[in-house]
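Dear colleague,

Please find below the structure that I am handing over to you. My notes on what was found in it follow directly after.

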Amino acid sequence: MQTRPLLFQVKAYEMLTRDELYTLLQLRAEVFVVEQDCVYQDIDGKDDKALHVLGYKNEHLVAYTRIFPPNTYFKEASIGRVVVKDTERMHKYGYDLMNASIKAIEDQYQVQTIKISAQTYLMKFYNQLGFKKIGEEYLEDGIPHIGMIRVSP
């Protein structure tokens, strides 16, 4: 069976429809709150400062990130809220999602340095995308995280 590629859209907060916003918040809550059993404030007042990278398969949202320009979330441009619907992870869509997010940062902000706050268990995944560990592990919302940086050539 061939994996169907995702169709990506990059949208500013004010360009999201009500249904798109509802669906992306639902996906984030499904994974970060319910699946990871982590009670935290996902709606953090930063979505309006981000660009939203939406990955669709058969017109259904299955992958999502939000990206920030430099000096907004970190000194560097950043990617956060990286999520792929649990039923779609076997297709390795996380790589497509991250590559689309990296490209969006390079295209939209004309920068090559990206910082993320990665869940520690995903360090190998992010290494394969060119991210390198910086600093020490820390807890964020009760989950071990590590800072990581990627600098494109």
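At 9% relative accessibility, F32 counts as buried; buried means under 20% relative accessible area, exposed over 50%, and partly exposed in between, with a 1.4 Å probe and protein chains only. F32 is found in helix 1, residues 18-35. The C-alpha atoms of F32 and D42 are separated by 8.1 Å, and these two residues are ten apart along the chain.

Before the remaining notes, please keep two points about the source in mind. This is a predicted model, in which local features need pLDDT of at least 70 and side-chain atom pairs count only at pLDDT 80 or more, whereas totals for chains, interfaces and linings use all residues. Residues are numbered from 1 along each chain as its sequence is written, and side-chain values use heavy atoms, with hydrogens and water left out.

**The protein as a whole**

The protein has three helices and seven strands. Helices (H or I, at least four residues) and strands (E, at least two) are DSSP runs, numbered from the N terminus. In sequence order, the pattern is β-α-β-β-β-α-β-α-β-β. The radius of gyration is 15 Å, close to the 15 Å that the globule rule gives for 153 residues, so the protein is as compact as a globular protein of that length. The radius is taken over C-alpha atoms, and the globule rule is 2.2 Å times the number of residues to the power 0.38. Along its principal axes, the C-alpha trace spans about 40 × 40 × 35 Å.

Of the 153 residues in the protein, 44% are buried. Among contacts between residues at least 6 apart in sequence, 59% join residues at least 24 apart; contact means heavy atoms within 4.5 Å. The protein exposes about 8700 Å², and carbon and sulfur atoms supply 53% of that area. Accessible areas come from the Shrake-Rupley method with a 1.4 Å probe, and for residues only the protein chains shown count as cover.

The mean positions of the 19 positive and 21 negative charges are 4 Å apart. Here Lys and Arg count as positive and Asp and Glu as negative, while His and the chain ends are not counted. The place of a charge is taken as NZ of Lys, CZ of Arg, CG of Asp or CD of Glu.

Which residues does I102 touch, not counting residues up to four places away in sequence? They are I79, I114, L129, F131 and R150. I102 lies in helix 2 and is buried, with a relative accessible area of 4%. From I102 to I67 the distance is 8.8 Å, C-alpha to C-alpha, although the two are 35 residues apart in sequence.

A104 is also placed in helix 2 and counts as buried at 5% relative accessibility. Leaving out residues up to four places away in sequence, A104 touches V10, V53, I67 and Y109. A104 and L16 are 88 residues apart along the chain, and their C-alpha atoms are separated by 16 Å.

S78 belongs to strand 4 and counts as buried at 1% relative accessibility. Again not counting residues up to four places away in sequence, S78 touches R66, I67, F68, Y73, I105, I114 and K115.

**Residues in the loops**

H91 sits in the loop between strand 4 (77-84) and helix 2 (93-109). Is H91 buried or exposed? At 17% relative accessibility, H91 counts as buried. The side chains of H91 and K57 are joined by a polar contact of 3.4 Å. A polar contact is a pair of N or O atoms within 3.5 Å; within protein, one must be able to donate a hydrogen and the other to accept it, and residues adjacent in sequence count only if both atoms are side-chain atoms. H91 and Y138 are 47 residues apart in sequence and 30 Å apart in space, C-alpha to C-alpha.

Two further loop residues deserve a note on their backbone. Most residues other than glycine have a negative phi. N71, which is not a glycine, has a positive phi of about 65°. N71 is in the loop between strand 3 (60-68) and strand 4, and at 63% relative accessibility N71 counts as exposed. Q110 likewise has a positive phi, near 50°, and is a residue other than glycine. Q110 is in the loop between helix 2 and strand 5 (113-119) and is exposed, with a relative accessible area of 56%.

With kind regards
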